[in-house]
Amino acid sequence: MRIKCPYCGERDLGEFTYLGAADPKRPDPGSADAASAFVDYVYLRENPAGPNAEFWYHGGGCRSWLRVVRDTRNHEIESVALAKPGEGKP
Amino acid sequence: MRYSALSLLTHGLTGNKGWGQVWRKPEPKPAYDAVIVGGGHGLATAYYLAKEHGMTNIAVLEKGYLGSGNIGRNTTIIRSNYMLPGNNAFYERAMTLWEGLAQDLNFNTMVSQRGILNVFHSDPQRNAYARRGNAMRLLGVDAELLSRDQVRKLLPFADFDNARFPIRGALMQPRGGTVRHDAVVWGYARAADERGVDIIEHCEVTGIRVEDGKIKGVETTRGFIAAPKVGLAVAGNSSRVAAMAGIRLPIEAHVIQAFVTEGLKPLIDNVVTFGAGHFYVSQSDKGGLVFGGDLDGYNSYAQRGNLPVVEDVAEGGLALFPNLARLRILRSWAGLLDMSMDGSPIIDKTDIGGLYLSCGWCYGGFKATPASGESFAYLIAQDAPNGLIRPFRLDRYARGAVLDEKGMGAQPNLH
């Protein structure tokens, strides 16, 4: 598996670190259902067999956080973009 | 047919022509008292349902052929060297059942309690392993802290004076070891079949029918099968199957690789793990070294891994045993893991009446097979958990009662 970093180009998997799914959004801690929303955010996952939006860190290169859409059935990468603030987990 | 020395002798002298089919290949009936999905832990579950709870009008559904899933893709290690009380008692129950399994099933499961050594390389790691060993002994499980010289007697060819990772000693569980994984499948299948359980191969679940909050049965590639009780034991694909019933799980699917070398004369007598990286190894009865390492670390249903982990495993192996350098790897493969959010399994009822869940087995499912089957059978038959699986409830995440053996938090690829 190789990931095409927007800065560095196509690089070996060994340069990257995986965080996890990009879709969980941190809930508002002040909301009424915060306790159950945080359980959902921290623990529950869609875990799709198919395209999965996920965060990777390019520690062996430009040190950017990337948002990668990758098919979990065959490891084919559909898209790679720089992660943006407010987009998800980190 | 009961297997014995006499039956072996008789059939041996008559050209081995009299051996019958070991289990039937029945067509699925339209309805059962219970349906177990998954022909791994599910086989064990069906066996104990029939044996302990008298439920014989039941079926096990396997989407491939029997043994094609994780139960035939693991590295066959059994151990109960867990530190947390919930895990420890459960895996120790599995170990006790392993010890009597061949007699129980009347099938040679080749249980080999050759001992497992967790090698350590530094003083802090010695402390950590001593703590684990003491926790095990407090709970009645065998554990011994071996000195460097004691390890040298067992593994004279290891690299004791490695510049970065010298061997300081090891934590040993003498009762740990290996089991022939295929024999476990065949033994449970034969014993369950003898008690009337229908084992239905090539039957994939495509839907779960629920009415008024109660289970009605499962849609499969071989038609609808009605059942008032359905147990899901499909680790690897739990999220996908549970989603058919509208359940989201605290689980990610991950991939772990394993390797086998060409056959060798007896070299490694025990199961050995490297403490400064990710590498573990045992030698099969055929002579090949069976070894593996860490997860690849990203979500995957592909059942194949990537090169960085292959390199990492090889580096770990060579740091421990330099004499492996010239061995050729015969084959490698990957298994599909149900990584739970705390690294411990989940066996519980669901909010849907009659639907039961056994999942989140991480990379420790094989060693748990007998206890998992026994406990899951109890849960399905009695609609209540036995004492062993109370810590494994699905709601433990919401209650903050996680069982995080490695202390990694909700990050499945680190467990």
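Trainee: How do the residues lining the second largest pocket divide into nonpolar, polar and charged?
Mentor: Six are nonpolar, 13 polar and eight charged. Ala, Val, Leu, Ile, Met, Phe, Trp, Tyr, Cys and Pro count as nonpolar, Asp, Glu, Lys and Arg as charged, and the others, Gly among them, as polar. The model is predicted, so local features need pLDDT of at least 70 and side-chain atom pairs pLDDT 80 or more, while totals for chains, interfaces and linings use all residues. Residues are numbered from 1 along each chain as written, chains are lettered from A and ligands numbered from 1 in written order, and side-chain values use heavy atoms, without hydrogens and water.

Trainee: What makes a residue part of a pocket lining?
Mentor: An atom within 4 Å of a pocket point, where a pocket is an open set of points on a 1 Å grid over the protein atoms alone, with protein on both sides within 12 Å along at least five of seven lines. The second largest pocket holds about 560 Å³ of space. Its lining has 27 residues, and the closest to the centre are Arg180(B), His181(B), Ser284(B), Lys286(B) and Val290(B).

Trainee: Why is Met1(B) called partly exposed?
Mentor: Its relative accessibility is 46%. Buried means under 20%, exposed over 50% and partly exposed in between (1.4 Å probe, protein chains only), so Met1(B) counts as partly exposed.

Trainee: Is Ala163(B) buried or exposed, and how do you know?
Mentor: Ala163(B) has 81% relative accessibility, so Ala163(B) counts as exposed.

Methods: On a 1 Å grid over the protein atoms alone, a cavity is a set of points where a 1.4 Å probe fits but cannot get out, and a pocket is an open set with protein on both sides within 12 Å along at least five of seven lines; lining residues have an atom within 4 Å of a point. Grid points are joined across faces, edges and corners, and a volume is the space filled by probe spheres set on the points.
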